[in-house]
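Visitor: Hi! I'm new to this one, could you walk me through it?
Guide: Happy to, let's take a look together.

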Amino acid sequence: MGSGIAQIAATAGWEVVLYDVSGEMLEASHEKLRKLMLRLVEKGKITMEESLRIRNQIIYTEEVEPMAGANLVIEAIVEDLAIKHKVLSGLEGILSPDCIIASNTSSLSIAALAAALRKPDRFIGIHFFNPAPLMKLVEIIPAVQTSPEVLEQSKAIIASWGKLTVQAKDTPAFIVNKVARPFYGEALRIYDEGLAGIADIDWAMKELGGFRMGPFQLMDFIGHDVNYIVTETVFHAFYFDPRYKPSFSQKRLAEAGFLGRKTGRGFYDYREGAENPLPNKDETLGKMILDRVLVMLINEAADTLHLNISSKEDIDLAMTKGVNYPKGLLTWADELGIQSCVDKLDTLYEEYREDRYRCSPLLRKMARENTTFFPKAETRNA
């Protein structure tokens, strides 16, 4: 991720220092960028002169001293609070007092990371999505210690790099990784109950819902070592809220080393000659699957707004640009009808009597008052 962020900044004209303790990792990053630039030149996306300019903007180093004059430092190392604390506190001593220090963390508390610094008001979360050069969205997460000036400067810098920014409160998983949990979790629940197979669920979400990938295809693509850990982390961080409860089916795959595409086997089998299940394309079943997963996604998005984690505009923008959903979930709720969403959630709750299916207070209030997230005349194609 660090090399991708470096590429973005260099492309935008910034002088970049890419620091790593491993010379081998730096060499690999250097070679990866060289090959990428050559491919872009071959495709006519950039000129050879532009390719050389971008590459020459980046200094690769195993020493921290070249970062002394930086205006912005973005940490993108392993997701371990103790290791990040050690690195951040060590860097602070060589940086100028005005340098903004940021983390690309996707799961750790920004406030906890800022606490490692003597000047925590200069710290902020700047979360890119992978692959960083291609994904337009960046989440900006101020800690309780972050100064208003640092927040505004950070948003302006990332916007100047050609990215779309959304602002999130410092809560577990921020916007995208929080709101997206039901896409995986409810699909897994339907599968675990034996209501539908993986191919049926993926078919329903793609063909009927318009999602680019089905949940099981996407989990296999991300890798179960990553996707499962994120779910488990969010579950713990939200004090074991059943809405984020992990699935044993996915845990067993991770334990077995069946991590998805990268190991040749996950929910699907990617080995040569393997036969995978085909969907039966039952539209009645497919509609049940889509309705159930979608209403849980809408409920999560509504609760994210209810808890003031982000604005309604940023929530919809985050899901369309961060994970390529076919439309914003709050816009989708308006189209389906708020009362219809409440009724579907209440039906699930009556069936299971689990807090997992509790309706967001915001949705229930809106249904009672017959209101929508966006004015009816307002169209949103974020």
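**Cysteines, a patch and a glutamate**

Guide: Let's start with the cysteines: this structure, a predicted model, holds 0 disulfides.

Visitor: Is Cys 359 buried or exposed?
Guide: Cys 359 is buried, with a relative accessible area of 12%. Cys 99 is buried too, and its relative accessible area is 0%.

Visitor: OK, new topic. Which residues form a nonpolar patch on the surface?
Guide: Ile 77, Val 78 and Ile 83 do, and together they have about 230 Å² of accessible area.

Visitor: Where does Val 78 lie?
Guide: You'll find Val 78 in the loop between β3 (72-75) and α4 (81-92). With a relative accessible area of 49%, Val 78 counts as partly exposed.

Visitor: And Glu 92, which helix is that in?
Guide: Glu 92 belongs to helix α4.

Visitor: Buried or exposed, that Glu 92?
Guide: Buried: the relative accessible area of Glu 92 is 3%.

Visitor: What does Glu 92 touch, then?
Guide: Leaving out residues up to four places away in sequence, Glu 92 touches Ile 101, Leu 117, Arg 118, Lys 119 and Arg 122.

Visitor: Tell me about Lys 119. What lies 3.0 Å from its backbone nitrogen?
Guide: A polar atom of the Glu 92 side chain lies 3.0 Å from the backbone nitrogen of Lys 119.

Key: Residues numbered from 1 in each chain as written. Predicted model: local features only at pLDDT ≥ 70, side-chain atom pairs only at ≥ 80, totals over all residues. Heavy atoms only, no water. Patch = residues over 30% accessible without salt bridge, like charges linked within 9 Å, V, L, I, M, F, W, Y side chains within 5 Å. Areas by Shrake-Rupley, 256 points an atom, 1.4 Å probe, with all protein chains shown as cover. Salt bridge = Lys/Arg side-chain N within 4 Å of Asp/Glu carboxyl O. Helix = DSSP H or I, 4+ residues; strand = E, 2+ residues; numbered from the N terminus. Buried < 20%, exposed > 50% of the residue type's maximum accessible area, 1.4 Å probe, protein only. Polar contact = N/O pair within 3.5 Å; in protein donor to acceptor, adjacent residues only side chain to side chain. Contact = heavy atoms within 4.5 Å. Disulfide = S-S within 2.5 Å.
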